[in-house]
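Hi,

Here is the structure I said I would pass on to you. Have a look around first, and then read my notes below.

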Amino acid sequence: MAIKRRGFLAGVGAGAGMAAVGPFFHVRPARADKGELVVVSWGGDYDDALRELVGEPYAKATGIKVKFDTPPENAKVKAMVEAKNVSWDILLTDIPAVLSLAKDKLLEPLDYGALDKKLVEAIPAGLRHPYAVGQRIYAFNIVYNTKAFPKGKHPTTWADVWDAKKFPGGRTFNFRGGIAPQLEIALIADGVAMDKVYPLDVERAWKSMDRLKPIVSKWYVSHAEAIQLIAAGEAVVGCTIGSRATSARKAGGAVDVDYNQGKVSPDNWCLVKDSANKKVALDFINFALDPKRQAEVSKRVPYGPSNKDAFAHLTPAEAADLNTAPDNIKKQFWWDVAWWGTPGADGKTERDRQAERYAQWMVKG
Amino acid sequence: MRYWRSREALLVLPALAVYALLYLYPLSRLGVWSVFDPEPTLKNYRQLIADPVYAKALLNTLEVSFWVTVCALGLGYPLAYLMTTVSARARVWLMALIMVPFWTSILVRSFAWVVILGTNGIVNKTLIVLGLIEAPVRLLYNLIGVEIGMVHVLLPFMIFPLYGVMTQIDPALLRAGRSLGAPPWRAFVHIFLPLSLPGVAAGCVLVFLMAVGFYITPALLGGPQQITLATLIEMQVSDMLNWGFGATLSVLLVGAVATLFVIFTAALGLDRLTGTGKA
Amino acid sequence: MPSARLPRIVLWLFCGLVIVFLVAPILVIVIASFNGTPFLQFPPASWSLRWYVRFFASERWYEAALLSLRVAVVVTIASTALGTLAAIGLVRGRTRFRAALELFLVSPMVVPVIVMAVGLYFLLAPLRLTGSAAALVLGHTIVATPIVIVIVAAALRLSDGSLELAARSLGATWWRTVRYVTVPQVAPAIGAAAAFAFLTSFDEVVLAVFLGGPDATTLPKRMWESMRFEIDPTLTAISTLLTVVATVILAAAQLARRAEERS
C-alpha cells in the first residue's frame, strides 16, 4: 500500500514537473524583428485606458503589436541597459524618475523633430524635457474627507492643512515611492507666495516640515493607500493626487479635492537607451499625443491631458474635473524640473540630496 | 562510522552548488560595487559610519524583529501544542485556519487592518461602547501596528516548525513522568518543554530572519520609528539608483545578523540546545 | 475533576483568540468583496457579485493566476528536494564547518529581495532568461530553499539517529538509509516545508517584477500593478477565492490521507 502510494505520488510529481517545466525554456527571439513594442507604465485604471484607447488602435493602424508591462522600475531600467538586455522600449513615468534615469544616461534623448510639429506646439514648453515629453498631468492637491469637512468648510490652503487647531484630525503625506519631499508645499504653508517658491529656501522648508510632522497620522507609501486613509477618516486631509480623489468621489467615496495651491507635474513618455525600436517608439508617442485620443483617455480617467488642443474635444463638465482645465490650472504651480534636476559639483541633484535628507529626517524621529 | 557520516555531509553539495550560482555569484557582484565606484573606494563605508541614521535604522530593524519573534512564540507555542493533542479532524481545520492569512495580498490586508484597528475601527468602537476607554487608542502606524501586521504574517512560520518537533515527542515519556507521580504541569515543564526546544529555536530563527528582511509591512503599518534598514536599502537601490551604497547597507545588515547569531550560539549554547552538538 | 480540565479550557480559549486574530482581517475582506460600489468599502454600501464576474471575465487575471501556480509547483519541488537533502547533510553529516555552513545556507532570508533581484538580473540577462517563467523559478528557489532547510533540520535534530544506525548495521547502503529511513521519519516536516516553499513563491512580488516581463506576469505582480493608484476591489474577490480554494484543497488532502491510512 505504502509503496503503491509512493509510486503514485512520484508519478504525479513528475507529471506536474514536466507540465510546468515544458514551456519554460524557450529562447527569446530578438524582438526588433517581430514588429512589437513594449510600453511600460505604472498600472491601474489609466493603464487599462491606455491599452484600450491607444495601444489597440495603434496595433490596428500599423500592424505592430503593442505589449504593456509594469512598473517602470528605475533599477530595472538600469539593470537592462548595463546588462545590454534592453527589452523595454517606452516608459511612462514621472519627473523624479526621469531625472534619476537621465543622470545615469539610461534614456535616449527625445528627437522632437521626428514628432508631428503641430502636436509638439500644442504641448506647453515646460512639458518638453530633452529626454521626456509630458503625456498625463497629475498634481499633489489638498484632498479631504467630506464627512469631516463638508465642501465649503474644508481646508482650502496649505496653511489650513498645517493648522490642526482650525481643522482638527490626522494628516497624511507621502514618503518613499520615488516622490520627493513636499518642500514647495511646506514653504507655501509657511507663507511664501506660490509664484515665489523657487529657488527653494530649503532650511525654511524643513522647519515647516518639522511643524507638520506631529499631526501626520500616516506617511503613506502608495497613492491607493492615501485615498483609502482619507475616505475611511483615518486621516481627514492630506496631500495626494487630486485625480484619484475625483475618481473616488465619482465612485461614491467620501473624499474630494481642492485644486488651490496644488503642485502640478507630468508623467512622461521617454525612450529607454539602446531600445531596438526607436523609430516605432517615436511613432507610437506621436500617436498617443493626439489631442482627440488624449481627450478620450482623460474622459475615462480624470488626469489632465498634456495637449492643450484636447480640451476642444471635452465638454465643460468633463473639463472641470481635470487639473489642467484653465480654471483649475491657474490656481496651481508647476514643479520646477531645473531646480530639482540640475546636478551640482558633487554629481548629485537636489532631488538626490533632499530624498536622502527626507529619509534621515524621518528616521531621526 | 565516521566514513558514513561524512558521506551524508555530501548531501549539502547540491544546495551549495545552486547557492553558488544563484546567490553567491550575484551577491558578490554587489559586494564588489560597495567598494568600487568604479575605482576602489571606501566612501560608501565612510558614509555608513558618518551618518548615525543607518545605525538607528538597524536598531529599529532589530527591535521590531525581536518583538515579532517574542510575540509569535507566545501566541504560536500554545497553538502548536493544542494541535498535537486534538483529533485528526480538528487538526486539519486548525491548520487550514492558520494558513488562511497567506492567501490575501498585503495591501488589501492593510485595508482590513484599518477597518479593524483604525481610530474609527471595530476594536476602538467596541472598547468605547464597553466603556473601557474614552478616546480611541492608536493601534496603527506605530510599533503596535507593525507588530500586529508582522506577527499575523509570520505566525505560521513559528507554528509549523514547533508542531513538527512536538509531534515527534514520544507521549510515552510524558505518561512515564506522570505515572511516577509528577503532576501534569510538572511533566510538561520538565519533559515536554525541554524536548520541544529545537522547534522553538527553529521557529524563532525562521521568524526573526524573515522579519529582518521585511519592508512592505513596516512601511504600510508603521510610523517613522519603524523605518527599517531594508526600507532604506530598497530606497537606495530602486529610487536613487545608488547600488554601491545599497550593497554596503546590505553588507551591514547581513553582517549584523550573522554576528548576533554567533554571539547567541556561543552564549546560550544554541548548538547544544538544538542538538547539533550530538555526536 | 475540574482542576484537571481548567488548563485545557484556558488553552482552548487562548488558541481561539489567536485564531480570531488570524482570521479577522480576512473576514473583513471576504465581506468587502461582495461590495457593490466601485470603491473598497466596509461595511459594504450595497451587495453584488461584480468583482467575481470581473475576475473570471478577464484573461489577464486568469493567466497570471495560472503562471503563478505553475512557477510555484516547480519551485516547491526544487526547493524541497534541495533543502531536505541539505538539512540531512547538515544534521546527520559530519563536517568541521557545520555552523558556518548552516549560517550561510539560511542567510538568503536576511538579504533584502531587491538586492537579490538586481544580482540575479545580471546573472540571467546574458543567458536571455529574463522575462521568462524560468527566471522566476530560479529566483524563487533561492528564496524558498532556506525556509525548507530550517524546518526540516529542526525535525531531524529531534529524531534520533538510532534507526539509521540499525539500518546501516543491517547492511543498507547510506543512500538507501537516507531514502527509506531518514526521510520518512521527518515526512510531516517536509510536507510543512513544501507548503511554505509553495506559498513563498506564490506570494513573492519583487523578484516577479524584476525577472518577469510582459509574457511572464504572476498574480502578485498583476495585483501590485493594479494597486499603485487605486485598490481594485477585484483583489478582494481574488483573495476570497484563493482562501476558499486553498482551504478546501488542504482539508480534502488531509482527510483523504486519513481515509487512506485507515483503510
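**What I found**

Let's start at C:Pro43, which sits in the loop between helix H1 (2-32) and helix H2 (50-57) of chain C. Helices here are DSSP runs of H or I with at least four residues, strands are runs of E with at least two, and both are numbered from the N terminus. Before going on: this is a predicted model, where local features need pLDDT of at least 70 and side-chain atom pairs count only at pLDDT 80 or more, while totals for chains, interfaces and linings use all residues. Residues are numbered from 1 along each chain as its sequence is written, and chains are lettered from A and ligands numbered from 1 in the order in which they are written.

Back to that proline: the peptide bond joining C:Phe42 and C:Pro43 is cis, with omega at about -10°. Chain A has a cis bond too, between A:Tyr198 and A:Pro199, where omega is about -10°. A:Pro199 is in the loop between helix H7 (183-189) and helix H8 (202-212) of chain A. Most residues other than glycine have a negative phi, and most peptide bonds are trans.

Now for phi. A:Gln261 is not a glycine, yet its phi is positive, about 60°. You'll find A:Gln261 in strand S10 (residues 255-272) of chain A. Is A:Gln261 buried or exposed? A:Gln261 is buried because it has 22 other C-beta atoms within 10 Å (buried takes 20 or more other C-beta atoms within 10 Å, exposed 12 or fewer, partly exposed is in between, and C-beta atoms are placed from the backbone). A:Asp274, also not a glycine, has a positive phi of about 65°. A:Asp274 is in the loop between S10 and helix H11 (278-288) of chain A, and counts as partly exposed because 13 C-beta neighbours lie inside 10 Å.

Over in chain B, B:Pro171 is part of helix H9 (residues 171-179). B:Pro171 is exposed, since it has 11 other C-beta atoms within 10 Å.

Chain C has 12 helices and 0 strands. Its C-alpha trace spans about 70 × 70 × 35 Å along the principal axes, and 55% of its 263 residues count as buried.

Leaving aside neighbours within four places in sequence, C:Ile151 is in contact with residues including B:Phe160, B:Pro161, C:Ala192 and C:Phe196 (contact means that the C-beta atoms, placed from the backbone, lie within 7 Å).

**Where the chains meet**

Between chains C and B, 82 residues of chain C are in contact with 84 residues of chain B. The chain C side divides into 62 nonpolar, 13 polar and 7 charged residues. Here Ala, Val, Leu, Ile, Met, Phe, Trp, Tyr, Cys and Pro count as nonpolar, Asp, Glu, Lys and Arg as charged, and the others, Gly among them, as polar.

Chain A meets chain C as well: 38 residues of chain A are in contact with 33 residues of chain C. Which helix of chain A gives the most to its side? That is H1(A), with 6 residues. The chain A side splits into 17 nonpolar, 13 polar and 8 charged residues.

**Chain A itself**

Chain A has 16 helices and 12 strands, and buried residues make up 52% of its 365 residues. Its domain assignment gives domain 1 (35-137 + 267-335) and domain 2 (138-265 + 338-364); such bounds come from an automatic or database assignment. The centres of the two domains, taken over C-alpha atoms, are 25 Å apart.

Cheers

Note on methods
Contact = placed C-beta atoms within 7 Å.
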